[in-house]
Amino acid sequence: MRKLIAFLMILVILGGGFFLIRSLTHTDIYQDSREFQEFADKAFYEKTLFNINQNVSVDYKYDEAFATAVRKDTDTGELISEFRDKKIKDRIKKCRAIVKKEKSKDLKHACVVDSTVHQSGNGAESLVIYTKLYEEQGSEMVLKKTDVRTFLFSEESGNRIKPLQALNVNYRAKASSFCRNYFNKAFGKEKLNRDWRKYVSEDDSNYNKFLLTGNTVIFFFDEDTVADPSCGTITVKIPYKYILSAVRPKVLERYINKNQPMVAVTYDDGPGGKSEARILECLEKNGAVATFFYQGYRLQYFGDNAVKAAEIGCEIGNHSWDHPQLSLLSKKQIERQIKRTNEEIKDLTGVTPELIRPPYGDFNNKVNSVIKSMGMTSVLWTLDTRDWESRNPKKIFQSVKNSKNLDGKIILMHSIYDETATASEQIIPWLQKHGYQLVTVSELVKYKTGKTPKAGQVIRSIR
Ligand code: ZN
């Protein structure tokens, strides 16, 4: 008898749950503007598992065939508001396009867009735009498609930032182990898609949609990835305390632990074109930095790369104006080679280089006296990958792998070769995986010695 009661109770609970879900996803068709508002107000809450801030405005636009309702925070800063409004317009356009494509124009549709901005607690603002498209089916409005977009901004500057500027490089691993467990427990086998594990792995393509709320990371999984399409977009909340080491104490600042191994990757001869753009992208994606020694004359062609390098926190050094052997020049000529390049770099990035790598590592007392008089530091290298000679990604990568201990060392490559870009795409994650922090040359000196690089000093490695 007890068993029967328990069984009946479970039925009641399940039934209640089912009824609740049904009442949310199936709504009677609205007939006028007032009924549409009621419908939209309910729709905002459907499958939205994050709290909306207090100060919101809602804009309802009733239309027989395609009605829209947009809800957004009113206390958001100007830069983010502008960005958000543009994105919301894009989303509504996209919904219209879906309706048009499916030629279901004579049916009623509603596009409900919910957006909110959250403070992360570490200097970021997260924006989420959650779009739901409903379609008339029989006598009800049924949720047809969901879409979530998330964006991060620096609280200080208002600039867009990347996931790895707010979270540490280990965040995907942490999130993956949490989510694997979560889906196993919270979702039945029949709800999970056959290849669901693919979408919770540590792969770079996963965990790019999230929200930082100050104490929780909320990850979004697109419709029909992890689970059955009927589940829509799935939200998984992970309290900071469970992935504490993955949340950066402060955004944009790469966290450097002076007691952990670090290495400085350097690239000469640029700014380069596509090859260097690939290297920059790889660095950015991995939350890593490098030092680029640029030739002044090339800045007029590839200045964009220099700007991007500076933006993502890379250091830019001087590699002369057009790559002469400095030791063969007069002091005046040497000075001109360096000064012109420094000025170009300052113009583009706002920062005057403090480091110089003399072309060919060609160096004597005369050259050094000029460099010293200009308050600059010379940087040579510990490991020459000889990428310019082999032009072979495997060999370039191997030369790094062959080095036993790279802590405190400076690796030399050239950003103007595609093969170097290919090798870098392997080397950068490999170094991180093996416990190396990628730092700029100045950071290497600073964190290893506690001092800043000195004028006239010649650096090959730091022990
Ligand atoms: Zn060079």
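I334 touches L326, L329, K366, V367 and V370, leaving out residues up to four places away in sequence; contact here means heavy atoms within 4.5 Å. This is a predicted model, where local features need pLDDT of at least 70 and side-chain atom pairs count only at pLDDT 80 or more, while totals for chains, interfaces and linings use all residues. Residues are numbered from 1 along each chain as its sequence is written, and side-chain values use heavy atoms, with hydrogens and water left out.

**Around I334**

- You will find I334 in helix α8, residues 331-349; helices (H or I, at least four residues) and strands (E, at least two) are DSSP runs, numbered from the N terminus.
- With a relative accessible area of 0%, I334 is buried; the word buried stands for under 20% relative accessible area, exposed for over 50% and partly exposed for anything in between (1.4 Å probe, protein chains only).
- P324 is ten residues from I334 along the chain, and 9.2 Å separates their C-alpha atoms.

**The whole chain**

- The chain holds 13 helices and 19 strands.
- Its C-alpha atoms fill a box of roughly 95 × 55 × 40 Å, taken along the principal axes.
- Of its 463 residues, 49% count as buried.
- Among contacts with a separation of 6 or more, 70% are between residues 24 or more positions apart.

**The zinc ion**

- Which residues are the protein donors of the zinc ion? They are D269 (OD), H319 (NE2) and H323 (NE2), lying 2.1 Å from the ion; donors are N, O and S atoms within 2.8 Å of the metal (3.2 Å for Na, K and Ca), and sites may look incomplete, as water is not among the atoms.
- Along the sequence, the spacing of these donor residues is D-x49-H-x3-H.
- D269 lies in strand β11 (residues 262-270) and H323 in the loop between β13 (315-318) and α8, so this pair ties together parts that are 54 residues apart in sequence.
- D269 is buried at a relative accessible area of 11%, and H323 is buried at 18%.

**A loop residue, T225**

- T225 sits in the loop between β9 (216-221) and β10 (234-239).
- Is T225 buried or exposed? Its relative accessibility is 14%, so T225 counts as buried.
- The T225 side chain reaches the backbone oxygen of D222 at 2.6 Å.
- Apart from neighbours within four places in sequence, T225 is in contact with N193, D195, W196 and Y199.

**Two helix pairs**

- Two packed helices are described by the angle between their axes and the distance between the axes. Axes are lines fitted to C-alpha atoms, for helices over the stretch in contact, and angles run from 0 to 180 degrees between N-to-C directions.
- Helix α7 (residues 299-311) and α8 have axes that come within 9 Å and cross at roughly 60°. That makes α7 oblique to α8; angles under 35 degrees count as roughly parallel, over 145 as roughly antiparallel, 65 to 115 as roughly perpendicular and the rest as oblique.
- On the α7 side the contact is made by L299, G303, A306, V307 and A310, and on the α8 side by T341, E344, I345, L348 and T349.
- Helix α11 (residues 393-401) packs against helix α12 (residues 418-433) at an angle of about 30°, with the axes 8 Å apart. The two helices are therefore roughly parallel to each other.
- Residues making this contact include P393, I396 and F397 of α11 and W430 and L431 of α12.

Technical notes. Polar contact = N/O pair within 3.5 Å; in protein donor to acceptor, adjacent residues only side chain to side chain.
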